[in-house]
Amino acid sequence: MLRPKLPDAPPVPTAHLITSALPAERHHTAPVCACQHAPVASPARPVAPYVGLGVGAVAAVLVVGVVLTALLATVAITAVSVSIAALVLRSQLSSARTR
């Protein structure tokens, strides 16, 4: 369903042949034959290394990203909570010593 289609090979341009050193006869085009030539095939090469992974890989990357973001937020909230608790305890202990 989501597999890419490779474009057909473009037509090969005709080459100019240099047959003589005389200026009037310098540029001649190659004669065009009436036969049908097969298009030149490019060597086998992968289109992209991860094309076959598909939608499942994209969903997995998104899920992992969401989970890691949630864990980072959890660690940050826990650190703030612990620091506030430490400040409150320090304040209570210092006020108990001064009495």
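Start by colouring the whole chain by pLDDT, the predictor's confidence in each residue, from 0 to 100. The mean is 76, and 58% of the residues reach 70 or more. This is a predicted model, where local features need pLDDT of at least 70, side-chain atom pairs count only at pLDDT 80 or more, and totals for chains, interfaces and linings use all residues. Residues are numbered from 1 along each chain as its sequence is written, and side-chain values use heavy atoms, leaving out hydrogens and water.

Next, switch to cartoon view. You will find one helix and two strands, in the order β-β-α from the N terminus. (Helices, H or I with at least four residues, and strands, E with at least two, are DSSP runs numbered from the N terminus.)

Select residues 54-98: this is helix α1, with the highest mean pLDDT among the elements, 91. Now pick residues 28-29, strand β2, which has the lowest, 60. Where pLDDT is low, the predicted coordinates should not be read in detail.

Finally, click V67 in helix α1. Is V67 buried or partly exposed? V67 is partly exposed, with a relative accessible area of 43% (buried is under 20%, exposed over 50%, partly exposed in between, with a 1.4 Å probe and protein chains only).
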